[in-house]
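Here is a short briefing on pockets and surface for your next look at this protein. Please have the sequence and the 3D view open as you read.

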Amino acid sequence: MAETTKDESAQKGATNGEQPKKGKEPLSVSRRTLCIGVGSTVALLGLGALRYVGHNPLCRPPGGQDEARLVSACIRCERCYEVCPHKVIVPAHVEDGLLGMRSPMLSFDAGYCDFCQQANGGVPLCCEVCPTEALRLPEGATAQNTVIGLAVIDQWQCLAYRETGCRECYDACCEARETPAIELTNDASTPRPVVIAENCNGCGACEAACISLSAGSIAEGAQARAIVVKPLASL
């Protein structure tokens, strides 16, 4: 009687468009759910890792030293690029990190950051125009106490270390900084530049002035200048 009732129920369900239950169905659903869950987890992990996979630490404009706040608050409005008097603020590339793409970074190819000393009396214009305060200086911040990065010399590529007498970075630093961050040694036939880390704020004057590439450095295959500013996170 019980079997007849079961068969009748199954037939009735089939008549209503329902599929009869099968003994292995719970196992099948479980596997399908597991596959979906694993796939979703991998995707979420991938999205979470995009911030770090291939992400390079970057030199940020004044007020952008809090990386997490800058990336989350920046709306990529490009106002900071446009207002920079020395045109040293450029958009980050996708290879620098997907979530940070087109956020502001510093490039010292043609100039350096002087905190808009000449253009705005030492108050960075990029901070003034930022609508979301992604670029925001702490109270009392100045060009002397805000560290953008640290200048690093590649002695193998540096012309001065090749006994050429070059001192372009030293002269540029002395002109840009109240307290120079580069000194010249006296222990060689020609003076060689040395970075004084505690005096360096990473303004980029030295990198912008370096002629190691344009003057024909003997470092074969060199892609960067002999002195470059690197973000502290990369050191």
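Which elements each supply at least two residues of the lining of the second largest pocket? They are α5 (117–120) and α7 (168–176), where helices (H or I, at least four residues) and strands (E, at least two) are DSSP runs numbered from the N terminus. This is a predicted model, in which local features need pLDDT of at least 70, side-chain atom pairs count only at pLDDT 80 or more, and totals for chains, interfaces and linings use all residues. Residues are numbered from 1 along each chain as its sequence is written, and side-chain values use heavy atoms, with hydrogens and water left out.

**Second largest pocket**
- The volume of this pocket is about 230 Å³, meaning the space filled by probe spheres set on the grid points, which are joined across faces, edges and corners.
- Its lining has 16 residues, with D114, Q117, A143, Q144 and A176 the closest to the centre.
- A pocket here is an open set of points on a 1 Å grid over the protein atoms alone, where a 1.4 Å probe fits, with protein on both sides within 12 Å along at least five of seven lines; lining residues have an atom within 4 Å of a point.

**Largest pocket**
- This pocket holds about 370 Å³ of space.
- Among its 16 lining residues, M105, L106, S107, E207 and V229 lie nearest the centre.
- Two or more lining residues come from each of β2 (104–106) and β6 (227–230).

**A residue in a loop**
- V94 sits in the loop between β1 (89–91) and β2.
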